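Q: Please take a close look at one part of this predicted model. I would like the helix packing and the pocket there described together.

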Amino acid sequence: MVAMLGARLNAPSALQRFDQPKTDSYTADMLVNGRWLLPRDMLGHAATKPPLVNWMAAPVVALGFWTELAVKWPMIMGAFVTLGLTVRMARRLFRKIPETREVEYEAACIAGIAFLVNTPNLTMIYHCRPDPVLVAFLTLAWILGTKIVCDREPANALEQPSQNQPSSGASRPPLPSR
């Protein structure tokens with residue numbers, strides 16, 4: 001990812017590719033005209049994408065960093081967050097498999113590399129598309145859903161009293177094991 005970002009920073013600007021001018025003009029419209037809920041593009045058309053990325057970039061740009069990198073930092077951060085979440089979750093999952101428990105770190109690193117080298121991710125990272133922020137949130141939702149479904153222990157101590165603590169009131173039957 002560092003090599004890809006280095007190549008992106010040293011390459012010609014990608015602001016004129018795809019719909020990058022729209023994304024950047026939404027951020028500018030927020031700061032210049034104060035349209036934070038429904039920013040407009042450079043032609044005056046209302047935003048066609050949710051402005052989360054622009055909300056994240058606007059404070060950095062408002063501090064005086066009027067650069068391409070300042071506008072695109074949410075996308076870079078989204079890619080790093082997704083990479084970290086992918087490696088962490090892969091390590092957690094590989095730790096649960098007896099055959100891969102000893103190589104959980106290596107397997108998790110391979111999962112991170114697989115995340116980085118697939119073509120859509122390379123394209124999103126290289127062009128600093130807004131999609132990595134969405135991918136980070138979707139990855140986090142997958143992790144939380146997986147934890148809720150797969151964890152054997154209740155997420156909250158109130159759901160099931162531990163065996164060391166007496167239950168209050170009527171006794172409840174134990175939860176079935178999976």
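A: Residue classes come up below: Ala, Val, Leu, Ile, Met, Phe, Trp, Tyr, Cys and Pro count as nonpolar, Asp, Glu, Lys and Arg as charged, and the others, Gly among them, as polar. The part in view is helix α7, residues 131-150. This is a predicted model.

Start with the pocket. The second largest pocket has a volume of about 230 Å³. Helix α7 gives the largest share of its lining, four residues. Helices α2 (20-33), α3 (52-62) and α7 each supply at least two lining residues. Thr23, Tyr26, Lys49, Pro50, Leu52, Val53 and Asn54 are among the residues that line this pocket. Pro130, Asp131, Val133, Leu134 and Phe137 line it too. By class, the lining has eight nonpolar, two polar and two charged residues.

Now the packing. Helix α4 (residues 68-96) partners α7 here: their axes come within 7 Å and cross at roughly 25°. Angles under 35 degrees count as roughly parallel, so α4 is roughly parallel to α7. The crossing of the two helices is left-handed.

From α4 come Pro74, Met75, Gly78, Ala79, Val81, Thr82, Leu85, Thr86, Met89, Arg92, Leu93 and Lys96. They meet Pro132, Val133, Val135, Ala136, Thr139, Leu140, Trp142, Ile143, Thr146, Lys147 and Cys150 in α7. By class, this contact has 15 nonpolar, five polar and three charged residues.

One residue links both views. Val133 of α7 meets α4, and Val133 also lines the second largest pocket.

Methods. Residues numbered from 1 in each chain as written. Predicted model: local features only at pLDDT ≥ 70, side-chain atom pairs only at ≥ 80, totals over all residues. Heavy atoms only, no water. Axes fitted to C-alpha atoms, helices over the stretch in contact; angles between N-to-C directions. Parallel < 35°, antiparallel > 145°, perpendicular 65-115°, else oblique. Left-handed = near helix turned anticlockwise from the far one by under 90°. Contact = heavy atoms within 4.5 Å. 1 Å grid on protein atoms, 1.4 Å probe; cavity = no way out; pocket = protein on both sides within 12 Å on 5 of 7 lines; lining within 4 Å. Points joined across faces, edges and corners; volume = space filled by probe spheres on them.
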